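Here are my notes on the model, as numbered points. Please read them with the structure open.

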Amino acid sequence: MRLSRAFLPTLKEVPAEAAIASHKLMLRAGMIRQTSAGIYAWLPLGLRVLQKVSQIVREEQDAAGAQEILMPTIQSAELWRQSGRYDDYGKEMLRITDRHEREMLFGPTNEEMVTDIFKSYAKSYRDLPRNLYHIQWKFRDEIRPRFGVMRGREFLMKDAYSFDLDADAARLSYKKMFVAYLRTFARMGLKAIPMRADTGPIGGDLSHEFIILAETGESQVYLHKDLLEFDVLAQKPDYEGDLDPTVNFWTSRYAATDEMHDEAAWNALGAENQVSARGIEVGHIFFFGDKYSKAMGLSVAGTDGNPLVPQMGSYGIGVSRLLGAIIEANHDEAGIKWPEAVAPFRCAILNLKPGDLGCDMLCEKLYASLPGEAVLDDRGERAGVKFNDADLAGYPWQAIIGPRGAANEKIELKRRATGEREEVSLEEALRRMHPVPSGH
RNA sequence: CGGGGCGUAGCGCAGCCUGGUAGCGCAUCUGCUUUGGGAGCAGAGGGCCGGAGGUUCGAAUCCUCUCGCCCCGACCA
């Protein structure tokens, strides 16, 4: 993308409406624009990141055996009456009436709908297990939306729903998602810690919140320091094999949010192992048994021919929220520092002197060598403006090309995350930006 | 939903108390100069002062109502 033609409205001044770093930076970097309280339009740069994050989520869901579908945003009230949640959900649910006076709603979640869909086709135990997910916009009419996309009313969410024959099988489905979540967040450069969550009236021990640590987190969390040091991507999980060792590693060490915090267990860790910080919830998984399958009348024929009510779980990831969370965990005074996997572009090529033949040629050559991965700042702006905009937007690499270096075919390569710079040839620059892939 | 605050040019703000026909910085446009960390000079354009009612000779300013947005709290992916 050439910045001279791009719709990339960066702001020098901080809009008054933003209170936290990620919100300010997303507005300043031209990623989003608020259209109502808690509702945002996604501009080109923000959309690219949203798509990259979505794609990582998708790949890891697929790898864990889940299958993607896409359910509508608008649902019928009738569906929600079957589970009893139409009346329970309260004012958080946005209710809509169509021209025929039918009661509709903008979905805050999809348990009822997915169960209803699955029910239409699943007839036998052979149709299980299945895990269906979609990445779709949700709406929850929060009392007080805030912090930009971290707590919007409209938000993009990945939600998966597993259907199993019995509780043991459901536990396995749960573990697959547990492991998939660890990988998903790790690939985005985040250390997300699963923490046992309150299961509410449903009961059971199978509910975890995945929480990343950031100063602006909404809740206080407590964990064992081992959990921060574990390299999740070191080995690929075998979803057909035994997932217990991985799951047990995480669940056997202390990690709890404020509500679930246990002082005695915490103190037993010893001060040298304690980490206490603020956390942002980016995912939540839970097993809820037959709550919805029963209410929605889902049952299949078991091996003995008798009807059997599937056991279900649901697994959410706040995709749009993740952008805010990633920025909260990766920024400095100058702007965003995107982890490479989710950066809108891998590299910004800064042509410090458009019109200079040497600069133009070297920039074009590099730009052509990075198809779809680079922004070329070919604007007639001063160097300082380009530096600041590149720092703000947070591209992991900056290829700085000015008349001095261009004369020698040299590129000044800067790493946004560390500020390191070095003078390299074009070939070397490409090697630096594309190391041999490892891990995933 | 309780408490607080703010709506004036694209963005950030002053003006309001004490009514007299709207201003500053940045951005935008033109010209000249400048050119490695948000340039300088000169000029220009841009406003139903959130909306509706009222008071007044006269309202951005005072009064009433209303809409929107932000912050704190309770609540949440």
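Helices and strands here are DSSP runs, numbered from the N terminus; a helix needs at least four residues and a strand at least two. The model is predicted.

1. Start with the loop between α5 and β7 (130-139), where Pro129 lies. The peptide bond from Leu128 to Pro129 is cis. Its omega is near 0°.

2. Two residues other than glycine have a positive phi. Glu101 has phi near 65°. Glu101 sits in the loop between β5 (94-97) and β6 (103-106). With a relative accessibility of 62%, Glu101 counts as exposed. Glu409 has phi near 60°. Its place is the loop between α14 (403-407) and β22. Glu409 is partly exposed, at a relative accessible area of 45%.

3. Now the rings. The structure has 17 aromatic pairs. Is the pair Phe118 and Phe163 stacked or tilted? The ring centres are 3.9 Å apart and the planes meet at 15°, so the pair is stacked. Planes under 30 degrees apart count as stacked. Phe118 belongs to helix α5 (residues 111-121) and Phe163 to strand β8 (residues 154-164), so the pair ties together parts 45 residues apart in sequence. Phe118 is buried at 9% relative accessibility. Phe163 is buried too, at 0%.

4. A second pair is Phe185 with Phe210. Their ring centres are 5.9 Å apart and their planes lie at 40°, so this pair is tilted. Phe185 is in helix α6 (residues 167-187) and Phe210 in strand β10 (residues 207-213), so the pair links parts 25 residues apart in sequence. Both Phe185 and Phe210 are buried. They also belong to one aromatic cluster, together with Phe178 and Tyr181.

5. Two arginines lie over ring faces. Arg48 is over the face of Phe345, 3.8 Å from the ring centre. Arg95 is over the face of Tyr86, at 4.6 Å from the ring centre.

6. Helix α6 deserves a check on its length. How far apart should its ends be, at 1.5 Å a residue? The 21 residues should span 30 Å, and the end C-alpha atoms are 30 Å apart, which agrees. The helix is mostly covered, with 15 of its 21 residues buried. Asp166 caps the N-terminal end: one of its side-chain oxygens is 3.1 Å from the backbone nitrogen of Asp168. Gly189 follows α6 and has a positive phi, near 80°.

7. Pro339 is placed in the loop between β18 (335-336) and β19 (347-351). Pro339 is buried, at a relative accessible area of 15%.

8. Next, RNA strand B. Around it are 40 residues, of which Gly152, Glu281, Asp391, Glu412 and Arg421 come nearest. By class, this surface has 13 nonpolar, seven polar and 20 charged residues. Of the RNA atoms within 4 Å of the protein, 41% belong to sugar or phosphate, and the rest belong to bases.

9. Some specific RNA contacts follow. A phosphate oxygen is 2.7 Å from a polar backbone atom of Ala37. A phosphate oxygen is also 2.7 Å from an N or O atom in the side chain of Arg144. At Gly152, a polar backbone atom is 2.5 Å from a base nitrogen of RNA strand B. The elements giving two or more residues to the surface near the strand are β1 (32-36), β13 (274-289), α13 (383-393) and β22 (411-415).

10. Which element gives the largest share of the surface near RNA strand B? That is α13, with seven residues. The buried residues of α13 are Lys386, Asp389, Ala390, Asp391, Leu392 and Ala393. Just after α13, Gly394 has a positive phi of about 80°.

11. Asp391 also has a partner within the protein. Its side chain is joined to that of Gln398 by a polar contact of 2.7 Å. Gln398 lies in strand β21 (residues 397-401). Gln398 is buried, with a relative accessible area of 0%. Asp391 is likewise among the buried residues of α13, and Asp391 is one of the residues that come nearest to RNA strand B.

Technical notes. Residues are numbered from 1 along each chain as its sequence is written. Chains are lettered from A and ligands numbered from 1 in the order in which they are written. This is a predicted model: local features need pLDDT of at least 70, side-chain atom pairs count only at pLDDT 80 or more; totals for chains, interfaces and linings use all residues. Side-chain values use heavy atoms; hydrogens and water are left out. Rings of Phe, Tyr and Trp (its six-membered ring) pair if their centres lie within 6.5 Å; planes under 30 degrees apart count as stacked, over 60 as edge-to-face and the rest as tilted. Buried means under 20% relative accessible area, exposed over 50%, partly exposed in between (1.4 Å probe, protein chains only). A charge sits over a ring if NZ of Lys or CZ of Arg is within 6 Å of the ring centre and within 35 degrees of the ring normal. A residue is near a molecule or strand if one of its heavy atoms lies within 4 Å of it. A polar contact is a pair of N or O atoms within 3.5 Å; within protein, one must be able to donate a hydrogen and the other to accept it, and residues adjacent in sequence count only if both atoms are side-chain atoms. Ala, Val, Leu, Ile, Met, Phe, Trp, Tyr, Cys and Pro count as nonpolar, Asp, Glu, Lys and Arg as charged, and the others, Gly among them, as polar. The expected span of a helix is 1.5 Å times one less than its number of residues.
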